[in-house]
Amino acid sequence: MFVLIARTSFRFRRDVIVLDEAAVRVADRLADVLAGRVVVATDPDYEQVRAVWNGAVEHRPAMIALCESSRDVRQAVLAARAHRLPLSVRGGGHDWAGRALCPGGMVIDLTRMRAVLVDPAGRVATALGGATSGDAALAASRYRLTPVIGTVSMVGLAGLSLGGGYSPLAPRYGLAADNLLGVQLVLADGRVVTADESTNPDLFWAVRGGGGNFGVVTAMRIRMHPVATVVSGAIVFQWSRAESVLRDHSELSSSAPDELGMVGGIFRTQDGEPALTLSPVWCGDAAEGARHLARLGAPAGQTFRTLPLHRTLAVPDARLPNGRHYEIRTRSLATLTPAAIDALMRAGSDLPSSTSVITWQYLRGAAARVPATATAFALRREHFMIQIIASWAPSEDGAPHRAWAAELDRALAREALPGGYPNLLAVDALDQIAGAYGDNAERLQRIKWDVDPDRVFTATPLPPS
């Protein structure tokens, strides 16, 4: 039986793995045919290999297949199917809900498949399934190009793109999913297929927003853009100004040119006080960008730097390091209503730790001009995507941190659009899952049934069939 990984209030349970003789034989046989290796629960480096970004995740797979090629992936899928093992796929390992680790089953680990090859003339990159956003941005920067990526370098490029992929570059170039040109997948029956606009077009439609629920993506072709550098910087506002900045933010975001992307956040400063930050990313002419950035009302002395896109990821990487415990909620807001601003202000005044943050991006421009039915990612109207990120040390009690995130989530739900960002939804967020794909849900379910009727792959949550 193939099972869906479930949770109870996302208090992660440690599963005790007993590696019986049958499982040992599976691992041994698989190791004989892989170029990579198979790590089992009794190996001395098991804990290191099993570790993912969110240290609160304690799912314990029976074995982890460290794959080095699509052939390795195919062998691992066939072995898991033959022995009726639950299966999961790890790319960047940054999914906060821990879906990369299948309790008691097999993990297909792609972290050894991180190569990114750039064709500068064609402005296309081929990235293997384990490549991170940082890998792709760094490889492209050598040719004065950039891919559409998110805000954290450690996030797997496949996971980001398959779930949609918000980005500061999205107003000008669309979501990460909109910049996928084709994928190679290993399906549940072991077939290795390609999907693009002309080959398996239904499957290609589904993976652009439907997540890793259709097979193991072992390689992707990605559109590159002629952006050598961006103009960026963090504008930090004192908390006394936060409410007025939030009131003005909706108007500024909706009227900005496509070249201006923006990441907003509420965090604690080094002295422990809450503050609001706006981090613009301008990907057009630098002089024109300076004029638009002046509209933000930056404090005196604020400066912006011209730098490659990958260097804008350093601050988020440092603020959200591997190994801390995390709980994330997400809501999508058409606008920052007075009630939403009030909820954000109350939560910001009561941040439960120095590393807990509330962040947002505004989807507009090119990403909002794509028809809702063009890809599986359906929410194409302009909106704020809010991330509520509770973070605490492993030694702390997580209950008050989770409660803070849940309280803000409930407050924003009253102001929110249906659904939410699939990459951040938990499997028990049933009300949001049902609305996340809008009118695309029926087609998405049909394609899932066609290519994976046994429900082998369970990545981002899909709406019930």
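Tutor: We will take some labels one by one and set each value against its cut-off.

Student: How do you know how far to trust the model?
Tutor: This is a predicted model, and pLDDT is the predictor's confidence in each residue, from 0 to 100. The protein averages a pLDDT of 90, and 93% of the residues score at least 70. Residues 1-19 need care: pLDDT stays under 50 there, although the model has 60 contacts for them beyond four places in sequence.

Student: Why is the pair of Tyr 166 and Tyr 421 called edge-to-face?
Tutor: Two values decide that. The ring centres are 4.6 Å apart, and centres within 6.5 Å make a pair. The planes stand at 75 degrees, and an angle over 60 counts as edge-to-face. This is one of 4 aromatic pairs in the structure.

Student: What parts of the chain does that pair link?
Tutor: Distant ones, 255 residues apart. Tyr 166 is in the loop between α5 and α6, while Tyr 421 is in the loop between α13 and α14. Together with Phe 377, these two tyrosines form one aromatic cluster.

Student: How do you know whether Tyr 166 is buried or exposed?
Tutor: Its relative accessible area is 5%, and the limit for buried is under 20%, so Tyr 166 counts as buried. Tyr 421 also has a relative accessible area of 5%, so Tyr 421 is buried.

Student: What makes the pair of Tyr 362 and Phe 384 tilted?
Tutor: Their planes are 50 degrees apart, with 4.5 Å from centre to centre. Stacked would need under 30 degrees and edge-to-face over 60, so the pair falls into the remaining class, tilted. Tyr 362 lies in strand β16 and Phe 384 in strand β17, so the pair ties together parts 22 residues apart in sequence. Both residues are buried.

Student: What makes you say that Arg 208 lies over the face of Phe 204?
Tutor: The distance from the ring centre is 3.9 Å, and the limit is 6 Å, with a further condition on the angle to the ring normal.

Student: What makes up the largest nonpolar core?
Tutor: That core has 75 residues, and those with the most contacts inside it include Val 183, Leu 203 and Phe 214. Helix α7 gives the most to this core, with 5 residues. Beyond its neighbours within four places in sequence, Val 183 is in contact with several residues, among them Val 193, Val 207 and Met 220. In general, nonpolar side chains tend to be buried together in soluble globular proteins.

Student: Why is helix α4 described as largely enclosed?
Tutor: Of its 9 residues, 7 are buried, so the rest of the structure largely encloses helix α4. Ser 133, Gly 134 and Asp 135 are among the buried ones. The buried residues of α4 pack against β5 and α5.

How values were computed: Residues are numbered from 1 along each chain as its sequence is written. This is a predicted model: local features need pLDDT of at least 70, side-chain atom pairs count only at pLDDT 80 or more; totals for chains, interfaces and linings use all residues. Side-chain values use heavy atoms; hydrogens and water are left out. Rings of Phe, Tyr and Trp (its six-membered ring) pair if their centres lie within 6.5 Å; planes under 30 degrees apart count as stacked, over 60 as edge-to-face and the rest as tilted. Helices (H or I, at least four residues) and strands (E, at least two) are DSSP runs, numbered from the N terminus. Buried means under 20% relative accessible area, exposed over 50%, partly exposed in between (1.4 Å probe, protein chains only). A charge sits over a ring if NZ of Lys or CZ of Arg is within 6 Å of the ring centre and within 35 degrees of the ring normal. Contact means heavy atoms within 4.5 Å. A nonpolar core is a set of buried Ala, Val, Leu, Ile, Met, Phe, Trp, Tyr and Cys residues joined through side-chain atoms within 4.5 Å.
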